[in-house]
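Have a look at the model first, then we'll walk through it.

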Amino acid sequence: MAETSSTVPLEKIPQHVAIIMDGNGRWALQRGLPRLAGHKAGTENLRRVIRSTVEFGVKYLTIYAFSTENWGRPPEEVKGLMYILEDVIDRELNELHKEGVQLRHIGRLERLAPSLQEKVLDAIDVTKNNDRLILNIAFNYGGRDEIVQAIQRMMKDGVPPEKVTDELVSQYLYTAGVPDPDLIIRTSGELRVSNFLIWQAAYSEWYITPTFWPDFDKDEYRRALEAFAHRDRRYGKVASGELQESNA
Ligand code: IPE
Ligand code: IPE
Ligand code: MG
């Protein structure tokens, strides 16, 4: 049974949650620890959040783990983040597989070490028939990069201009076939999109919290879902209640 808070009815649970897992560095700084210790704590938290996501009955989870701009960080930090991805796959794959999690990657694999690329592809292959939760890992991901490569591929395919539609563009993105995120959570209080899912977020609801990612726990996750359940998603139209009144 999906465990939800009594205040979040099942039908109000978002289908797709996306998370900008931010604030690992500041979490570490606050404790006088190196930034990588923050990333490790963040990764531990991710394990818990994936578990809660399954329990809440959310079907798609997309996590922002490494952006195309994060290459600009000090080399030791970049190296550490690569190592963490590798380590997570080594340690968690079996458990995730058992829980019915299907792993996917969005972004570019090219720049990663060949052994890491292999590990990612293998994890995707092993879990490809799972359907309890689709977990998209955005690693070496950039929203602009995604759109640029979509345009390039459309042009290579000889798509005529009049055939370029919203739907077609969506099919050329890394997230082809995945519904747009209903709810995007950003930890650590920054009020920006940082190149994350810029096409797909057109009508996503946002939940931004000052909590640093390693401290974002199940209670706060539930609060984010509760906040989402109370949103009125208008998609540029008028509220459904108003429409009924004006028709009366
Ligand atoms: C998010 O935490 C993780 C990655 C970007 C890889 P940060 O490392 O950005 O933490 P802050 O923002 O410096 O606190
Ligand atoms: C966004 O966080 C990227 C990830 C969480 C992986 P950043 O910390 O890189 O974003 P900025 O630099 O604050 O915009
Ligand atoms: Mg940050």
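Which residue takes a positive phi just after H3? That's Gly100, with a phi of about 85°.

Some ground rules: this is a predicted model, where local features need pLDDT of at least 70 and side-chain atom pairs count only at pLDDT 80 or more, while totals for chains, interfaces and linings use all residues. Residues are numbered from 1 along each chain as its sequence is written, chains are lettered from A and ligands numbered from 1 in the order in which they are written, and side-chain values use heavy atoms, with hydrogens and water left out.

**Helix H3**
- H3 covers residues 75-98, so 24 residues in total, and spans 35 Å from first C-alpha to last, close to the expected 34 Å (the expected span is 1.5 Å times one less than the number of residues).
- Helices here are DSSP runs of H or I with at least four residues, strands are E runs of at least two, and both are numbered from the N terminus.
- A kink of about 55° is centred on Glu92; the bend is the angle between axes fitted to the seven residues ending there and the seven starting there.
- Glu92 is also among the buried residues of H3, which include Leu81, Leu85, Ile89 and Leu93 (buried means under 20% relative accessible area with a 1.4 Å probe, protein chains only).
- The buried residues of H3 pack against helices H2 (35-56) and H4 (114-126), plus strands S2 (60-67), S3 (101-106) and S4 (133-141).

**Glu99, in the loop**
- Glu99 sits in the loop between H3 and S3, and it's buried at 14% relative accessible area.
- Leaving out residues up to four places away in sequence, Glu99 touches Arg51 and Arg132 (contact means heavy atoms within 4.5 Å).
- The Glu99 and Arg51 side chains make a polar contact at 3.2 Å; that term means a pair of N or O atoms within 3.5 Å, and within protein one must be able to donate a hydrogen and the other to accept it, with residues adjacent in sequence counting only if both atoms are side-chain atoms.

**Ligand 1**
- Asp22 puts a polar side-chain atom 2.9 Å from an oxygen of ligand 1.
- A side-chain N or O atom of Arg35 is 2.8 Å from a ligand 1 oxygen.
- Taken alone, ligand 1 exposes 380 Å², and the protein buries 87% of that (Shrake-Rupley areas, 1.4 Å probe).

**Ligand 2**
- Asp22 turns up here too, with a polar side-chain atom 3.2 Å from an oxygen of ligand 2.
- A side-chain N or O atom of Arg192 lies 2.8 Å from a ligand 2 oxygen.
- Ligand 2 alone exposes 390 Å², of which the protein buries 78%.

Definitions and conventions. Buried < 20%, exposed > 50% of the residue type's maximum accessible area, 1.4 Å probe, protein only.
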